[in-house]
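Please take me through this model, feature by feature, with the cut-offs stated.

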Amino acid sequence: MWMVKPSSSLIRWVAASTSSSSPNFARLTCSSSKDVLAPFSSRIKNLFEDELVGAAASPRRRLVLHGFPGGAEAFELVARFCYGGGGGVTVTAANACAVRCAAQYMEMADAPAATAPSLAKVADKALEDMPHWPWHCVVDAVKQCQSLFPLAESTGVFDKVVGALLAQMAIPAPGDATPTSSSPESSAFRFSCDTKCSSLSLRRTWWFEDLVVLSPGMVERVAKALLARGADHGIVARFLFYYLKCRIAGANAEDKKAMLEAAITVIADLDRSSVSCKGLFGILRIASPVKLAAGCQEMLVAMIGRKLDHATLDNLLVQAPSGTGSLYDVSLVLRFLEAFLRHGDEPGRLKKVGELMDLYLAEVAPDPSLRPARFVELATALPAAARDCHDALYRAIDVYFQVHGRLTDDEKMKICKGINYEKLSPECCKHLATNSGFPTRAAVQALASQHTVLKGIIRHSGPLKPASPPPPPAAHRESYDDAGGDNNGQVVLYASRLELTLENQNLKSLLDSMHWRVMELEKVCSRMKTQMTKMKASRRGAGGGAAAARSLPRMCS
């Protein structure tokens, strides 16, 4: 390639550009520079025509180019190219990205003559070989692109860089060895890898360490571009979690916010199976003291909600924001439930979340700062199909009533609306009937519901028919079998009817005892009503009121 010695004008020109405090602008310090640059750069030609028309020619007049891509080094390459008449510059892997963006900035896409090359085309030709560049050159190109946006995107430079990255990532590390430092599994501080990955998967993560130095904005751009080109979602997810693990520690609040928002934005586009629930809660814990953008917060809550059936009790025990007075962030869990219910209509997943919420209710029930309205929302958030048995819910409510002893009967009844008494076991129903912490109306409803359940069981069992005669003794079994008929079936039928008879007798006995209990409670309620009527009619003084209160039945005092 033809090389030329720069003239004295070029020396003054470049010296002026490199001595500036800002690396991304250049100054033309002599009027003769226009005659050299203008044939190659439409931008320079137009600027001189627009800005210097009618102005007195002065050799000391300067033209400042702000925001020059690639800074002074790229500007010098452009100048050498122009002073060399379209030569004198070697475009390499180290400067191809900057030269291409600088050529775009200077509007040098068209050649000044048929014999002179275009700097943009020269740079494009060098970029075509990028997939064959050494890995470190590709990484350097990615780093260069961080300061070349938006020109890197509009010129296609960034797209070529991503294509080279993807091609290089598919190649195992030299020697088929994976640096242990570049795998998220290498640290006890793990975000998303709940299971051990195969050796093949580990060999595909060798590049993590080299890209972890990128800025949050560049990580987001690279990750999204890789996904658009068909990169494995699981590998991209692991890289994002590894990036957070390496960069979050020691970062200030503003940088943490940028990193978390970039990671959340990309993770929201990944397949649900590629990100674990544990990893999402890890991000949530880090993001708690950082005020994320509202959109990112909603995305994170929605992602966790969709995977709520994989969560554990420890995951849900998120500390409440300071100033609320509560121990745990109940509002956040309610948002998780809302997000889950928008997608979790499968019975199996619904029942898992129901079991999880029973554990969570038992954990938050002793919190004295938990308001009744919030507890009601938790207890009634899930549909009826989420719980086959309401024993755990009853026990959580019982604990809540013991801690919050000043609740009125009306407040307690609102909370008890979450209980389906027909799904209580006989043991819990019996405990509720004698539990002084529950309103009497709740006890009556529980016993009445059990009464209905037992009647339904007996009704559906049907009338009993006379049992078949017992089978003959063993000595006569052979002749009995030879007699023909389905005698084996009759024996089984006899045994089953015998068991059913015993079961019905037990159910009837339990039904009678519950029916007696309901009658006793009705009598108590009737006595209460009579006493209250007498008290209102008599309108006695304070002393008389106290005497009347002492005469109330024990259950009502």
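Predicted model: local features only at pLDDT ≥ 70, side-chain atom pairs only at ≥ 80, totals over all residues.

Q: How do H14 and H16 cross?
A: Two packed helices are described by the angle between their axes and the distance between the axes. Helices are DSSP runs (H or I, at least four residues), numbered from the N terminus. Axes are lines fitted to C-alpha atoms over the stretch in contact, with angles from 0 to 180 degrees between N-to-C directions. Here the axes of H14 (residues 253-267) and H16 (residues 294-306) come within 10 Å and cross at roughly 50°. That makes H14 oblique to H16 (angles under 35 degrees count as roughly parallel, over 145 as roughly antiparallel, 65 to 115 as roughly perpendicular, the rest as oblique).

Q: Which residues of H14 and H16 meet?
A: Glu261, Ile264, Thr265 and Ile267 in H14 meet Cys296, Met299, Leu300 and Met303 in H16; contact means heavy atoms within 4.5 Å. Met303 is buried, at 6% relative accessible area (buried is under 20%, exposed over 50%, partly exposed in between, with a 1.4 Å probe and protein chains only).

Q: How are H12 and H13 arranged?
A: The axes of H12 (residues 216-228) and H13 (residues 233-247) come within 10 Å and cross at roughly 170°. H12 is therefore roughly antiparallel to H13.

Q: How many salt bridges does the structure hold?
A: A salt bridge is a side-chain nitrogen of Lys or Arg within 4 Å of a carboxyl oxygen of Asp or Glu. The structure holds eleven. One of them joins Asp358 and Arg387, at 2.7 Å from N to O. Asp358 lies in helix H19 and Arg387 in the loop between H20 and H21, so the pair ties together parts 29 residues apart in sequence. Asp358 is buried, at 11%, and Arg387 is buried, at 4%.

Q: Where is the nearest side chain of opposite charge to Asp398?
A: Lys and Arg count as positive, Asp and Glu as negative; His and the chain ends are not counted. Asp398 is buried yet has no salt bridge, and the nearest side chain of opposite charge, Arg395, is 8.4 Å away. Leaving aside neighbours within four places in sequence, Asp398 is in contact with His431, Asn435 and Phe438.

Definitions and conventions
Residues numbered from 1 in each chain as written. Heavy atoms only, no water. Helix = DSSP H or I, 4+ residues; strand = E, 2+ residues; numbered from the N terminus.
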